[in-house]
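Keep the sequence and the 3D view side by side.

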Amino acid sequence: QVQLVESGGGLVQPGGSLRLSCAASGSIFTINAMKWYRQAPGKQVELVASVIRDGNTNYADSVKGRFTISRDNAKNTVYLQMNSLKPEDTAVYHCYAEAIPRALMTAQAYWGQGTQVTVSS
């Protein structure tokens, strides 16, 4: 019904930047919240940032001032601009969307496959 495809991960040096993208496709009525989570090896899943349809955003304290989440409602896409990256930002980043597929017309949770971000010199 709804698929999320992430892109933009990779290897970057400390202090560098990356931009993640997550595009939702399928027969979508609307998307409420879009979020980025991350999971580092041996650590719990962390909610990094979220944005709701009207553009209101929230961030984890660990990324405030460095990461910016945004969305393009016309493209059903969410972005995560990551600046001043640190080694501790290394993780698999997963996109999440609370979307209403036209086939169901009720909110459902969807996840992307994840994209690796490695911050290392």
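Start with the contacts. Among those between residues at least 6 apart in sequence, 54% join residues at least 24 apart. This is a predicted model, and its elements are quickly listed. The protein has zero helices and eleven strands. Read along the sequence, the pattern is β-β-β-β-β-β-β-β-β-β-β.

Next, the overall dimensions. The C-alpha trace spans about 45 × 25 × 25 Å along its principal axes. The radius of gyration is 14 Å, which agrees with the value near 14 Å for a compact globule of 121 residues. Of these 121 residues, 41% are buried. The exposed surface comes to about 6,200 Å², and carbon and sulfur atoms supply 48% of it.

Now go inside. Find L20 in strand β3, which covers residues 18-26. Is L20 buried or exposed? Its relative accessible area is 0%, so L20 is buried; the cut-off for buried is under 20%. Which residues does L20 touch, leaving aside its neighbours within four places in sequence? The contacts include S7, G8 and G9. W36 is another contact of L20, as are V78, Y79, L80 and M82. Y93, T115 and V117 also belong to the set. Look at E6 as well. L20 and E6 are 14 residues apart in sequence, and their C-alpha atoms are 7.0 Å apart in space.

V63 lies between β6 (57-59) and β7. V63 has a relative accessible area of 0% and therefore counts as buried. Beyond its neighbours within four places in sequence, V63 is in contact with R38 and V48. S17 is 46 residues away from V63 along the chain, and 13 Å separate the two C-alpha atoms.

Follow the chain on into β7, residues 67-72. This strand has two faces. F67, I69 and R71 make up the covered face. T68, S70 and D72 make up the uncovered one. The partner strand is β8, residues 77-82. The two run antiparallel, joined by six bridges.

Most residues other than glycine have a negative phi. What is the phi of N76? N76 is not a glycine, yet its phi is positive, about 50°. N76 is found in the loop between β7 and β8. These strands form a hairpin with four residues between them.

S84 shows a positive phi too, near 50°, and S84 is a residue other than glycine. Look for S84 in the loop between β8 and β9. S84 is partly exposed because its relative accessibility is 41%, between the 20% and 50% limits.

Strand β9 covers residues 91-101, and β10 covers residues 108-111. Four bridges join them, and the strands run antiparallel. A99 has Q108 in β10 as its bridge partner. Six residues lie between the strands of this hairpin. In the turn, M105 takes a positive phi of about 60°.

Technical notes. Residues are numbered from 1 along each chain as its sequence is written. This is a predicted model: local features need pLDDT of at least 70, side-chain atom pairs count only at pLDDT 80 or more; totals for chains, interfaces and linings use all residues. Side-chain values use heavy atoms; hydrogens and water are left out. Buried means under 20% relative accessible area, exposed over 50%, partly exposed in between (1.4 Å probe, protein chains only). Two strands pair if DSSP finds at least two bridges between them. Contact means heavy atoms within 4.5 Å. The radius of gyration is taken over C-alpha atoms; the globule rule is 2.2 Å times the number of residues to the power 0.38. Accessible areas come from the Shrake-Rupley method with a 1.4 Å probe; for residues, only the protein chains shown count as cover.
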